[in-house]
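Good morning, and thank you for the time.

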Amino acid sequence: MPSTKLQRWIDLLAVLLERRTPLTFLELARRVPAYMADGSVETGAASDTVKRMFERDKDELREQGVPIESVGDLGDETSAYTLRAREFYLPYLGVVCARGVDMPAKVAKYGYGSLASLAFEPDELQLIGEAAARALQVEDPTLADNARSALRKLAFDLPLGVTDARADGTRDSDILLPLAARADSHTLATLGDALFTRKRVRCDYHSMGAERATTRLIEPYGLFYVSGTWYLVARDIEKDALRNFRVSRMANVTVEKPGGAKHDYEIPVAFSLREHARSRRAWDLGDLDSMEAIVEFRGRSGAVTAASALGTPDEAGPSFRRFDVRRMDSFARWLLSFADDATPVSPDALVHEYARLARETSARYATHG
């Protein structure tokens with residue numbers, strides 16, 4: 001598609017989405033630079049060329065599934081056009097868990113607050129993953145492409161993944177992610193007992209990126225469930241710091257002095273498990289020491305604005321935001337999803353990781369044409 005047409009589409013969609021009331025053709029044309037190019041729109045009588053260009057753009061966008069509505073009689077000078085955000089944007093996706101529905105944060109100021117929500121039970125996600133795997137095994141190219149596309153869109157918000165297994169036994173792990181390891185039920189029960197009796201726990205923990213597991217002595221503060229994964233928030237006694245431990249990475253979990261009636265520690269009164277677990281992001285989960293990252297946000301879309309709001313202000317300017325990050329790899333992948341609209345400024349390790357991911361992504365797309 002020529003870049004000029006794509007730019008017209010983007011400009012036209014931006015104008016329609018920022019207004020909640022219908023706009024006439026001339027009102028639209030005065031806000032789309034490509035329609036203003038020949039100067040006829042400024043006179044209040046757009047040329048036939050501009051009108052035909054708008055009609056083609058409108059019809060082609062409708063063919064792509066964009067629900068642009070016409071208000072009034074077709075062809076009438078007073079006819080107008082509108083695009084409802086609720087019908088244009090995909091709904092918010094969430095997971096139904098024991099503590100309610102885990103939903104992403106909404107951005108009401110820029111129109112996203114009116115969007116519908118769609119929640120899945122964990123077993124429904126499992127069925128979706130299994131159905132996609134079966135669809136891929138059929139080896140129909142069109143069906144396989146549609147299945148992969150649907151999974152990529154769902155996996156952006158949900159803990160969804162399947163193993164792409166073909167009939168010949170080969171796998172394509174670069175396209176679909178394997179399901180995350182599940183927490184052991186015995187481990188969860190042991191941690192629950194330790195929480196109830198306020199007993200310290202000793203375990204072998206394999207941190208993300210570490211070569212081997214290390215023994216930890218911790219004081220459990222609470223269990224929470226985020227993005228299909230169980231986490232234990234606990235005080236690491238050796239580091240004297242609060243950490244989030246993925247339960248599936250814990251092994252040989254034992255309770256220290258299980259028979260004693262006396263509590264071995266107390267959870268601080270100011271600690272709130274609900275507040276701690278709320279809006280946890282992938283880069284903030286883990287037992288690593290946090291680092292401060294600075295990101296420059298250049299874009300103005302609703303998605304970029306929502307991402308920027310997760311950080312705190314920086315003295316460098318309004319477009320710079322600070323983040324506390326424990327997992328640099330996850331944070332770099334998240335930033336990459338915004339392309340050039342969000343780029344890391346510091347620390348150097350994050351900048352290098354982001355650049356490496358960008359190079360690898362570009363090379364992969366170039367390889368697959």
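Predicted model: local features only at pLDDT ≥ 70, side-chain atom pairs only at ≥ 80, totals over all residues.

The protein chain has a mean pLDDT of 78, with 77% of its residues at 70 or more. Among the elements, the lowest mean, 63, belongs to strand E5, residues 100-102, and the highest, 92, to strand E7, residues 201-205. Over residues 162-179 pLDDT stays under 50; for that stretch the model has 35 contacts beyond four places in sequence.

Strand E7 belongs to an open sheet of five strands, ordered E10-E9-E8-E7-E11 and paired antiparallel. Strands E10 (241-246) and E11 (250-255) each have a single partner strand, so one side of each lacks a neighbour in the sheet. On average, neighbouring strands here are turned by 45° against each other, direction ignored. E7 is joined to strand E8, residues 214-226, by five bridges, and Asp-204 has Thr-215 in E8 as its bridge partner. Helix H8, residues 185-197, packs on this sheet, where it touches E7, E8, strand E9 (229-236) and E11; the direction of H8 makes about 95° with that of E8.

The other sheet I wish to show is open and antiparallel, with three strands in the order E1-E3-E2. Its edge strands are E1 (23-24) and E2 (69-71). Two bridges join E1 to strand E3, residues 80-82, and Thr-24 stands opposite Ala-80 in E3.

Finally, which residues of helix H10 are buried? In H10, residues 302-309, they are Gly-302, Val-304, Ala-307 and Ser-308. Their cover includes strand E12 (291-297), strand E14 (317-325) and helix H11 (328-336).

Terms used:
Residues numbered from 1 in each chain as written. Heavy atoms only, no water. pLDDT = per-residue confidence, 0-100. Helix = DSSP H or I, 4+ residues; strand = E, 2+ residues; numbered from the N terminus. Contact = heavy atoms within 4.5 Å. Pairing = 2+ DSSP bridges. Buried < 20%, exposed > 50% of the residue type's maximum accessible area, 1.4 Å probe, protein only. Axes fitted to C-alpha atoms, helices over the stretch in contact; angles between N-to-C directions.
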